[in-house]
Amino acid sequence: MSIRTIRVEGDEILNKKSKPIKEMTARNKQLVSDMLETMYDAQGVGLAAVQVGILKRIVVIDVGEGPIILINPEIIETSGEQCGYEGCLSVPGKRGIVTRPNYVKVRAQNENMETYEVDGTELLARAFCHEIAHLEGELYTSRIEGPLEDVEYDDYEDEDFEDEDFEGEE
């Protein structure tokens, strides 16, 4: 495993659509491992392959309940609404308020290319939407309501700031 360089806003690759994975090769398995290590090293909760410069439909997420690996993910159901802060490893030091569904169901394939469905609410639902949008070439900054704000590390300790309202640095 190795830590990969995270592409940041302004890099044109972040605005491109990712391509489906047809088979799980040794290189794709290595990419998944590298993405997990990169995400954890950057203290994020999600990472799309495009963020490390690879236009493949792969997403990794961990909101504190263990890693979720999504190959060729698609959102198949949503309901409710939540509004809260999001950040992104590709837009470091910034955050903005984004409205997302409160419940999301995703169909994807696992590392063995077996189709499965996974659902989540609140932060996990937000992470699904955020990361899958990356695969379409969309950054959360195109959805923010109000100004894009600078993030100060003290914000994490603010009494009025709830962890579940902020996706961390993604």
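How many bridges pair β4 with strand β5 (residues 91-100), and in which sense? There are six, and the pairing is antiparallel.

## What you're looking at

This is a predicted model, so a few ground rules apply: local features need pLDDT of at least 70, side-chain atom pairs count only at pLDDT 80 or more, and totals for chains, interfaces and linings use all residues. Residues are numbered from 1 along each chain as its sequence is written, and side-chain values use heavy atoms, with hydrogens and water left out.

The protein chain has two helices and eight strands. Helices (H or I, at least four residues) and strands (E, at least two) are DSSP runs, numbered from the N terminus. Going along the sequence, the pattern is α-β-β-β-β-β-β-β-α-β. Of the 170 residues in the protein chain, 47% are buried, where buried means under 20% relative accessible area, exposed means over 50%, and partly exposed is in between (1.4 Å probe, protein chains only). Take the contacts (heavy atoms within 4.5 Å) between residues at least 6 apart in sequence: 68% of them join residues at least 24 apart.

## The three-stranded sheet

Back to β4 and β5. They belong to an open sheet of three strands, ordered β4-β5-β8 and paired antiparallel; two strands count as paired if DSSP finds at least two bridges between them. β4 (82-88) and β8 (149-150) sit at the edges with a single partner strand each, so one side of each has no neighbour in the sheet.

## The five-stranded sheet

The other strands to look at form an open sheet of five, in the order β1-β2-β3-β6-β7, again with antiparallel pairing. Here β1 (46-48) and β7 (115-121) are the edge strands; each has a single partner, so one side of each is left without a neighbour in the sheet. On average, neighbouring strands of this sheet are turned by 35° against each other, direction ignored.

Inside the sheet, strand β3 (residues 68-79) runs antiparallel to strand β6 (residues 103-109), and six bridges join them.

## Helix α2

α2 also lies across β1, β2, β3, β6 and β7, running at about 125° to β7. It's mostly covered, with 13 of its 14 residues buried. After α2 comes G137, whose phi is positive, near 85°.

## A look at E114

Where is E114? You'll find E114 in the loop between β6 and β7. E114 is partly exposed, at a relative accessible area of 45%. Its side chain makes a polar contact with the side chain of N110 (2.9 Å); that means a pair of N or O atoms within 3.5 Å, where within protein one must be able to donate a hydrogen and the other to accept it, and residues adjacent in sequence count only if both atoms are side-chain atoms. Leaving aside neighbours within four places in sequence, E114 is in contact with A108 and Q109.

Note on methods: Axes fitted to C-alpha atoms, helices over the stretch in contact; angles between N-to-C directions.
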